[in-house]
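Please look through the structure below before reading on.

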Amino acid sequence: MSKRKGNTLTGKIELPQGTLDLLILRTLLPGAQHGWAISERVQQVSSEVLSIQQGSLYPALHRLERRGWIKAKWGTSENNRKAKFYELTRSGKQQLELETETWRKLTLAVEQILEGA
Amino acid sequence: MLNDLRYRVRALFLRKAVEDELEEELRFHFDTEVEKHMRAGMTQEEAKRRARIVFGGHEQVKEDCREARGTSVIETTIEDAKYALRQLWANPTFSLVMILTLALSIGANSAIFSVINGVLLKRLPYPQAERLTRIFLSSADFPKFPLNPFDFLDFRARNRSFESMAAFTRGDVQLSSASEPVHLSGFYVTSGYFRVLGLQPQLGREFDFNAEIPGNGLQVILSDRVWRTQFGADPNIIGRKITLDTQPYIVTGVMPAGTEHPGNNYHAVAYGDSVDVWRPFPFEGSSNQRGSHFMEGIGRLKAGVSVGQAAAEMNAMMTQLGREHPGNDTGWTLLVVPLYSEIVGARQRMLFVLLGAVGMVLLIACANTANLLLARASARQREIAVRLAMGAPRVRVVRQLLTESLILSLTGGVLGLLLALGGVRALVALLPADFPRAHDIHVSWPVLVFTLLISLLTGILFGLAPAMQASHTDPKKGLQGSRTTTASRHQNRLRSALVIAEVSMASVLLVGAGLMLRTFLNLVHLDPGFHEENVLTANLSLPHAQYKTDEQTAQFYDNLTNSLNTLPGVESAGAGSDLPWTGYDENAGFGIEGKKPAPNDYFHARYHRATAGYFSAMQIPLLEGRFFTEGDRKGARAVIVVNRALAQRYWPNEDVVGKRITFEDEPKTDADWLTIVGVVGNVKDQPNSTGAEPAFWWPELQRAQLDMSVVIRTRSDARQVADSLRAAVHKLDPALAVADVKLMNQVTDASISAPRFTFVMVSLFAALAIVLAGIGAYGVIAYTVAQRTQEFGLRVALGAQHGDLLRMVLMQSARLVVPGMIVGLALALSMGRVMQALLYGVSAADPLILASVAFVVLVVALIASYVPARRAANADPMTALRAE
């Protein structure tokens, strides 16, 4: 549970500010997931580079739920336990599109600067 | 937006469900994580450990989630409050002691604040009251003297500082009604009197300048009270004729309810007391007669004119009047006093002393509660360490503990307010009779706000230190340690300091109580110069319309006292112009045969009138010569009786009986001289006056007065003659009201009610303070004794005697109490000057009082430490060692 930025030993990097919401929303696009699955999925898809601290995942989920971008319902998990599943709402999908576009623009711009310099 | 609200509302009101869901969600995550690791081949133990590391602080995550829900502030407060209530409930005695001490001290503060709010803070019930001032004359002999009517007319005509100015003087009347005649307190007022006050009649109008012309004056303005009670609120009363003092008066106005009398000094009616009739003041006689002073001046300053500017202008005017009317108008300065200071001025100091005293009680209660909380905080170190180890942030712990102290102080505040509700009523009943604005004292909104504020403030004050200290708990130490968590040295020092502070403040209050007790006793045991037991008094005022000549008046009082003297059980009966200790202040100048006054001075004294029986009924002793007799009538030699103070001032070391004085500027015949026939003992104006004023008495038979106080001395209970008195008066004049029937005891009691009040209040506060300080000392000593049980056991095992241990604990107590006491006594000495004005016959540095206070404090300390000391002395070496 290191607090140091860019843990070079494991090759993991911490999430830049503001990207957590985007990742959660994107992960939920295919369908409802519970919290643990969200964090596992982010880690897998990013080839173990990104990891979400549990300490920030759940507060973020609750915050997104409050904003109405995701909604929660209780269901049964693959290991047959009661788990809380989150899914995107309609405004969540809009938000995801918006944030994706913003992110693309941002990375493109940063890329251009890095290239051009 | 709507979703947000719905979410928050659910989170807030279904908090339990939401919390449970969160717990379940997090547990699911944790378990799944563990399963994952176990699938990868770890043992369960190792898997759990890994999961825990990744997971982070469980409490911290929950806390962050709550915050994300956006309800955390309210929610945590509710949670803290619930937790706090559980904690307080778990230790009911402890909580009860703290809540009760807080309730008592907050209640006392609210009650005193109610008085201060009603008397000092509440605005006077006149528009722009800050511009109202009273106007007095002043000289070396008479610091606050009424005005002469014709001087007033000049002031009114010439001044440029005042928007309006009026004068008024007492003039009670008798209203002839269907049943018994009613005595009403009233005033003669100049035109525009109510306009000065900013008031308007609800019916009719106020007197115009015409009404001031003698002969035009049979008009009257009634109070709302009299209009309702005597005239059935007749809407057509304006223009109706009513009978006052057997004469027909035309009602020209009715004042609204809530018309407050601004208070006056000469024949005083206190501020706010009921005044029922106002009549126009007729300016009779010549405007060159400026020797008599009986008008009370009041003025409304022009906007922007200061009191000082007005006073300067008025004094310049007085100097000019002195040139125009040499003699009567020379030697005076003018006082312009804001009405507010005139009404509350004298009582301000007393109220501030009481506020200071009650504030100290609150501080002591704070120190005490902080002390108890500190003791408990060290016992709760373990609990707090656990919470910290679970990841609760320190701020949360501080908040938690502060919530507890706020719950204590707010509960104390609510209870205190209930106490204050009852207390204020008792307080008002106990207030001195002449206390200004007593009817304005209620538990009102400002009092509620004040109570809430001091409750919050005390809660934070006594809660902060223990909370900060507890939050510095080291989670490791708290968890490792044995069960006997010992307080740090630092904490013990803080607790001792609190006790020392408590003891010192309690000592200050005890000194104050001692001083007030001595003052009160001095006044009670004072030889008043008369004897108040078994004396009934009443006031009569004969209407001038009916008793036109001195002979008629003198005859009435002669007949009345004669018939009273024949009543069974009556020892002696008489009548006098006034009763002792009622603030009588009538003065006259005179000439003395064979003596000349010093330049710029003149012979003067209080004048009174008395019938033959007055002195014996009041038991004012005869020192030389004789009292008046039936023979001192009109036509016989003119005589007076003087008091010892007058004899000593003007005839020191001379035989006074037989000396003569005169009221004529140029006495010619023997008839112009009055001969002194007797010297009586001194009676002071007020019990706490420094000395008696020189005074003389005219015999009522020679110089009659319409308004007299009847005095009847009986062999047993004087109340029994009240009905006979009424019957005797009505036999002589059925239309006469018998007013203010009172025992002389009641009159004297009223005159020492102010020091009695201060004494009772300060003593109550001091008693509360010393009990609280005692509890505080007990708490600290009992706690340290409990901490040192093992040490004491060891000492016993090593051969220490009971006496040694007893002495050890008592010494520890002395180390707390003696410094506190010394600081307290020093403080009391330095604050003595504040008290001095309230004291009588005792110095603020009275050694006896200081010594008694020291003694009381030591005894309390001994009592507080005796029980813990006994416990220490009886320490059993075996139990002590086993505890380890």
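Predicted model: local features only at pLDDT ≥ 70, side-chain atom pairs only at ≥ 80, totals over all residues.

Residues are numbered from 1 along each chain as its sequence is written, and chains are lettered from A and ligands numbered from 1 in the order in which they are written.

Chain A contains four helices and three strands, where helices (H or I, at least four residues) and strands (E, at least two) are DSSP runs numbered from the N terminus. Along the sequence these elements follow the pattern α-β-α-α-β-β-α. Of the 117 residues of chain A, 28% count as buried; a residue is called buried if 20 or more other C-beta atoms lie within 10 Å of its own, exposed if 12 or fewer, and partly exposed in between, with C-beta atoms placed from the backbone. Among the contacts in chain A with a separation of 6 or more, 51% are made by residues 24 or more positions apart, a contact being a pair of residues whose C-beta atoms, placed from the backbone, lie within 7 Å.

The three strands of chain A form an open sheet in the order β1-β3-β2, with antiparallel pairing. The edges are taken by β1 (33–34) and β2 (70–76) of chain A, each with a single partner strand, so one side of each is left without a neighbour in the sheet. Two strands are said to pair if DSSP finds at least two bridges between them, and β2(A) pairs with β3 (residues 82–88) of chain A in the antiparallel sense over seven bridges. Within this part of the sheet, Trp74(A) stands opposite Lys84(A) in β3(A).

Where the two chains meet, 23 residues of chain B are in contact with 18 residues of chain A. On the side of chain B that touches chain A, the helices α1 (2–13), α2 (15–39), α3 (44–55) and α4 (58–69) of chain B each supply at least two residues, and the largest share, eight residues, comes from α2(B). By class, the residues on this side of chain B are nine nonpolar, six polar and eight charged, where Ala, Val, Leu, Ile, Met, Phe, Trp, Tyr, Cys and Pro count as nonpolar, Asp, Glu, Lys and Arg as charged, and the others, Gly among them, as polar.

Further along chain B, helix α6 (residues 92–121) meets two other helices. Its axis and that of α13 (residues 394–430) of chain B come within 6 Å and cross at roughly 45°; axes are lines fitted to C-alpha atoms, for helices over the stretch in contact, and angles run from 0 to 180 degrees between N-to-C directions. The helices α6(B) and α13(B) are therefore oblique to each other, given that angles under 35 degrees count as roughly parallel, over 145 as roughly antiparallel, 65 to 115 as roughly perpendicular and the rest as oblique. The contact of α6(B) with α13(B) has 15 nonpolar, nine polar and no charged residues. With α11 (residues 339–379) of chain B, the axis of α6(B) comes within 9 Å and crosses at roughly 165°, and these two helices are therefore roughly antiparallel to each other. The contact of α6(B) with α11(B) has 19 nonpolar, seven polar and two charged residues.

Another helix, α7 (residues 149–158) of chain B, has the buried residues Pro149(B), Phe150(B), Asp151(B), Phe152(B) and Phe155(B), and these pack against β2 (162–170), β11 (296–301) and α10 (307–324) of chain B. Strand β2 of chain B holds Glu163(B), which is partly exposed, with 15 other C-beta atoms within 10 Å. The C-alpha atoms of Glu163(B) and Gly299(B), 136 residues apart along the chain, are separated by 7.6 Å.

In strand β14 (residues 570–576) of chain B, six of the seven residues are buried. Six bridges join β14(B) to the antiparallel strand β22 (residues 707–714) of chain B, and Ala575(B) stands opposite Val710(B) in β22(B). The loop between β14 and β15 (587–592) of chain B holds Trp581(B), whose phi is near 65°, a positive value in a residue other than glycine. With 23 C-beta neighbours inside 10 Å, Trp581(B) counts as buried.
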